[in-house]
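Load the model in your viewer and keep the sequence panel open. The stops below each name a selection and then describe what is there.

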Amino acid sequence: MKVMDKNKHGNNSNLSFKNAIAANGAFLSLGSKGENSYPIGAVDPSPCMVACPAGVNVKSYVSLISAGKFHEALMIVREQNPFPGICGRICTHPCESFCNRNEIDEPVAIRQLKRFVADYEIEHPWSKSVRTPPARKEKVAIIGSGPAGLTAAHDLALKGYNVTVFEAMPEPGGMLITGIPSYRLPRNILKVEIDYIRSLGVKIKTNTRISGKNALQSLQKKYDAIFMAVGAHKGKKLNIPGEDKYEGFWDALTFLRSVNRGNDIELDDKIIVIGGGNVALDVARTAIRQEAVQKVAPNIAQALDVVKTAVRFGAREVHLVCLESLAEMPASEDEIEEALEENIQIHPSLGPKRIIGRNGHVAGLETVDCLSVFDKNGRFNPMFAENSEKFMEAGTVIMAIGQVPDLDFLEPSEGIEISPGNTIKVDRETLATAIPGIFAGGDAVTGPNTVIDAIAQGHLASGSIESYLNGNQLQQSPLPSTPFETEIKIELSSRTKIKRLNIPRKKMEDRKNRFEEVEFGFDETQAVAEANRCLRCGTCSECFICVPECDKNLTFLSLAAGKNDILLRLTGGIHVPESSPVMLNSDKTKPLSFAAGQINTLFPYILEEYCRGCSDCVNVCGYDALSLMPVNGTSISTINLDLCRQCGTCVAVCSTGALKSPYYTQENIFNIIDDVNPVKPNIIVFTCKWNGSGLVESDLSEINTGKTGVKIIDLMCTGQIQSSFILRALNQGIDGVLVMGCEDKHCHFDFGTAQAAKIMEITFRMGKLLGLKAQQIAYHTTADGNKQDFIDSVNGFIKNLFKKNKTASGSPTVTVA
Amino acid sequence: MKLSTQQIIETNALACQECGKCTGVCPVSKFDRRFSPRSLLMEAVRNDSSKNFENYDIWSCLTCKRCDAVCPSDIKYSDLTRFVRNCAADSGFHGKCSHSGAMDMLQKIMTKQELNQNRLDWVGKDLNISQTGEYLYFVGCAPYFDVFFDDLNLNILTSAKSSIKILNRLGISPVLMPDERCCGHDLLWNGDFEQFKVLAETNLNMIKETEAKTILFSCAECMSAFENLYPAAGFNVGLKLQHMSQFLAEKIKAGDISLKDSSDKITYHDPCRLGRHLEETQAPRIVLNNGGTLHEMKQNGKGSLCCGVSAWMNCDITSKRIQTERLKQASETGADILAVACPKCQIHLECTKKDQIVKNNYGITIKDIAEITLERME
């Protein structure tokens, strides 16, 4: 047996395979002595997945939604993001910015799709099969029940650890509950998702503030590891004259917290909100503008929250003042649009100079025009126009320029270092503080950031804590913290434009003065339609629903290290050297070390001593996977495994048996045919594995067989049908043979239908020569998975075959159902 | 099942002197060095268990009788192989059928008595045929070959059509049987003695009804079945059997047929069934030399190289090497046309030409001897 190394020949330029694993030294060995090795290729992850800070496999759940598998889709989201309902509403969705559909029309509405599956579960509850890992004795304390803390709690609970979350406030949720208004994030959604985490065994102790002398040290005595995710809950100052001096001045967080707790607040008719770019002072040290913009985003969102909340509190006139121009504003278009709809006046390119008071009460704001926010190096360095001072009248001024962590509970004696920006100092790769066993993350470390970033921090913390508790070296994050270049290339030019579904919103007149959710979710039809816009960058959607269902025991490999830690499709048992970094992941729960010397692969191979170089296989392959190679004055067929899709049609057409496939042999089919009891009446139905599969056993009862025995024989593709199968069945005494293929456009292997039609045409002609009855052999095609068509075809065939008074032989015809 | 003592004696198998001449001339041994007729013979005569039937090589022998011809002890090697295969098949061992065994299945289906074939569709109005008469033309499986090897564009039936046209011109309207069965040649060489006997009997019964006195064949295998295998299985054929080349040579000699002079350069491939099994090498040469000059290949006549496969079995790279060598020999004569006298040779050599490299180097045109004759008839 010899399988050609793909590097030796063939054109690989159009391949999406990456030789990532090859670089790591992993080789598939197809020869018995390992002499014919083949580098394992990894499929690059899709751009949406690498864009997600939490590493959610977006393509996968979007695909599942398009297939109507909503619960399965939700499980995929939950693997990396325990808050699908929350992120489905308030995530800043970097995935959409990286979506390849941007090049064609607009990105897939990914955030809204995530919301849909989360809502779907609430409306259609199902019993979640949560993995119950072996319980661990180690206890972990988490301070703060925001998204970072709860994500870490979620991850650790799933690994069997005993987790307790401490929350100072009366309700868990952190900034989710104190900072985000209910019209953006309904509280019942928050409750559902926190309850889910509780259901995993996480204890959440509310009204429990960790403070006082040596609070951390005493906590450390009871717990094996501590994760501080205390958030950033202290309003920031702008240090302009008049700040915090008059009644009617608020900082955003105090304002939102009061509102969200249901306190009654007196607001003036006219309100100014100072928001947006000023917070960029925080990130002035950051050199790259892109990152600065990302950091500003949550703060602008918060300013908008403040503004919109004020409107709901009865303010008649709300002005948002911010440094950036409208084009520069880092808030999402949806949010700005929503604000404009609510008649909020946005004053871009304006800087606050001082707050003016009258009789101890706020009277207004003096502003200056802002010429530019960032300098040419991308640094935050606002330039103001001279003599451009203006006065804006207002009775309430709210400062929404961001927050810093409140770290008063950390006494210097505890030994936790604090950075100059008033955040907890940690190793950014592992989130470890200077004290072993104590970790910190979330806003308390990064400064105010998005929910999805907090979730990413929670994952990072749980990984480090697990390593710490197992006595292992703390590892680098397995998740990319920033999007990395993915080499997935897809063909964009021929794609049709499909309009992105508008996100339905509540009508304006129903919106004011209410704290009900503004956005509606998709319904099922809308969700499926929107999910179908996904381009599925990189073939397999990695949803893995095939794994438990696969009767051929296909297995999956994952790369062990770094950003390329993605799952990829590889089929069959594979011979992998024991020392390779490749791990088997057959049930996707526990990667196993892959033992060397395994069974066969599903790739076909060529026994050179039989190959006649007749080019039959080359001609039949629609993927150009086979080619002839000159050897000693004649030709021998070779396979380019990169292009092969394992349909097995080449194996079927090989007249000498030189092409072999581990899952398909003529002998197998012969044995199945020979085993059919020829007691009459009896028919054999050859069917495409993809089309007829799944209904063969359970739905056989729907086939009106009468006394007729029906044997259904699956082929990977009806392109594998051979005249000899049909002749063999008839020789065996079977009354009739029906071949059920797929309509051309439904063929999973592109050319199977054409090949089957060709073979059937020859078989019909041979049947005619043999004087067989026309109705003894038939070839039908149906649409993919059309069960009724399939059953109707079989019923029709039987009826026709045993119709009385029809003994004359005639010309069989190709009937297409 | 074991070889009977009679079979061993009949084939002179014990007389082997281990001289190695058989291996020296064997076409399979030439291209597959593992293959040794002598060691297979040794295994066969040891005859102690069915174990030796597991050997793949017993199915690789082409039974072309090259070894028979050179053996100083007159060992009937191909007969021995036939007996060994019969024993092996009875013990459940089989050769590797090519083309997914489609041909094997066709032959087996044809053993069914209730079958009512419809195999004369190709006979057009330009051909006169009869249901009874003195001459019977045994078509063979050409109608099936043309369908199954659709992609080869063989037109094997051209030889049948040409033969009938020639017969018509001589005033003969040959009998053709619409339900003619496979002659059984391949089934027997595959070891299936029982089904072979069914086919032989069915054919002979059918022929009896046609009142034919002479059977004409285009296929050398069919003729060798009727002439050698049927009597060996106990069937009395009792009719005159002629290969088309023999019939044509006879008519040319008698002056009933005269052929135009032709400048075509022709070479001739002796089928092993005609040349060695039926020992007829002269008749085709008489036909082809009439009005033209035959360009002989390096290996010809009794020493001809086989077409590389027999009985649709064990086709592999060795077969192809033999066929490529044969096409090379044919091309080296400088001829434009390779004349054949057996449809199997034609199929196998055409199949080899599917390899573009072979076709480019040795892509000689292949034609049946009857087709060539008809083209030249005045």
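At what angle do helix α4 (residues 37–46) and helix α6 (residues 77–90) of chain B pack? Select both helices: the angle is about 50°, and the axes are 11 Å apart. Axes here are lines fitted to C-alpha atoms, for helices over the stretch in contact, and angles run from 0 to 180 degrees between N-to-C directions. Helices (H or I, at least four residues) and strands (E, at least two) are DSSP runs, numbered from the N terminus.

The angle makes α4(B) oblique to α6(B); under 35 degrees would count as roughly parallel, over 145 as roughly antiparallel, 65 to 115 as roughly perpendicular, and the rest is oblique. The crossing of the two helices is left-handed, a term used if the near helix is turned anticlockwise from the far one by less than a right angle, with clockwise giving right-handed. Show side chains for B:P37, B:L41 and B:A44 on α4(B) and for B:Y77, B:L80 and B:V84 on α6(B), which make the contact. Two residues are in contact if their C-beta atoms, placed from the backbone, lie within 7 Å. By class this contact has 6 nonpolar, no polar and no charged residues. Nonpolar covers Ala, Val, Leu, Ile, Met, Phe, Trp, Tyr, Cys and Pro; charged covers Asp, Glu, Lys and Arg; the others, Gly among them, are polar.

Before moving on, note how the model is described. It is a predicted model, in which local features need pLDDT of at least 70 and side-chain atom pairs count only at pLDDT 80 or more, while totals for chains, interfaces and linings use all residues. Residues are numbered from 1 along each chain as its sequence is written, and chains are lettered from A and ligands numbered from 1 in the order in which they are written.

Next, select B:H99, in the loop between α6 and α7 (102–109) of chain B. B:H99 has a positive phi of about 50° although it is not a glycine. B:H99 counts as buried because it has 20 C-beta neighbours inside 10 Å; the cut-offs are 20 or more other C-beta atoms within 10 Å for buried, 12 or fewer for exposed, and partly exposed in between, with C-beta atoms placed from the backbone.

Go to B:A311, in the loop between α15 (282–289) and α16 (317–332) of chain B. Phi is positive at B:A311 too, near 60°, and this residue is other than glycine. B:A311 is buried, with 24 other C-beta atoms within 10 Å.

Then select B:L241 in strand β3 (residues 240–243) of chain B. With 18 C-beta neighbours inside 10 Å, B:L241 counts as partly exposed. Leaving out residues up to four places away in sequence, B:L241 touches B:I215, B:M223, B:F226 and B:E227.

Now switch to chain A, which has 25 helices and 32 strands. Of its 817 residues, 49% count as buried. Colour the chain by pLDDT, the predictor's confidence in each residue, from 0 to 100. The mean is 75, and 72% of the residues reach 70 or more. Over residues 1–42 of chain A the pLDDT is below 50, and this stretch has 90 contacts in the model beyond near neighbours in sequence.

Finish where the chains meet: 31 residues of chain A are in contact with 31 residues of chain B. On the chain A side, α23(A) gives the most, with 6 residues.
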